[in-house]
Amino acid sequence: MSVSLAQDGDGLGTLWGVQRAEAMVRDAGFGDVQVLDLEEDPFNAYFVARKQAAESR
């Protein structure tokens, strides 16, 4: 967290929640976001995020 604060980041730490994390990933331009829970790691959420393809004009 200290690196985030040193670079004018939000300083969210590790307990900011899956919902907020997913919203921030989507706000960063990732349209396809999956949140995975792994049985062998019940304490963390894993995000698989893909940018949306540019729309044809």
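Helices (H or I, at least four residues) and strands (E, at least two) are DSSP runs, numbered from the N terminus. The model shown is predicted, with local features needing pLDDT of at least 70 and side-chain atom pairs pLDDT 80 or more, while totals for chains, interfaces and linings use all residues. Residues are numbered from 1 along each chain as its sequence is written, and side-chain values use heavy atoms, with hydrogens and water left out.

**View 1. Order of the elements in the protein.** Two helices and two strands form the secondary structure, and from the N terminus on they run α-α-β-β.

**View 2. Val35 in strand β1.** Strand β1 spans residues 30-38 and contains Val35. Val35 counts as partly exposed because its relative accessibility is 31%, where buried means under 20% relative accessible area, exposed over 50% and partly exposed in between (1.4 Å probe, protein chains only).

**View 3. Lining of the largest pocket.** The largest pocket holds about 180 Å³ of space, and its lining consists of Thr14, Leu15, Trp16, Gly17, Val18, Ala21, Phe43, Asn44, Ala45 and Phe47. The elements giving two or more residues to this lining are α2 (18-27) and β2 (41-51), and β2 supplies the largest share, four residues. A pocket, on a 1 Å grid over the protein atoms alone, is an open set of points where a 1.4 Å probe fits, with protein on both sides within 12 Å along at least five of seven lines, and lining residues have an atom within 4 Å of a point. Grid points are joined across faces, edges and corners, and the volume is the space filled by probe spheres set on the points.
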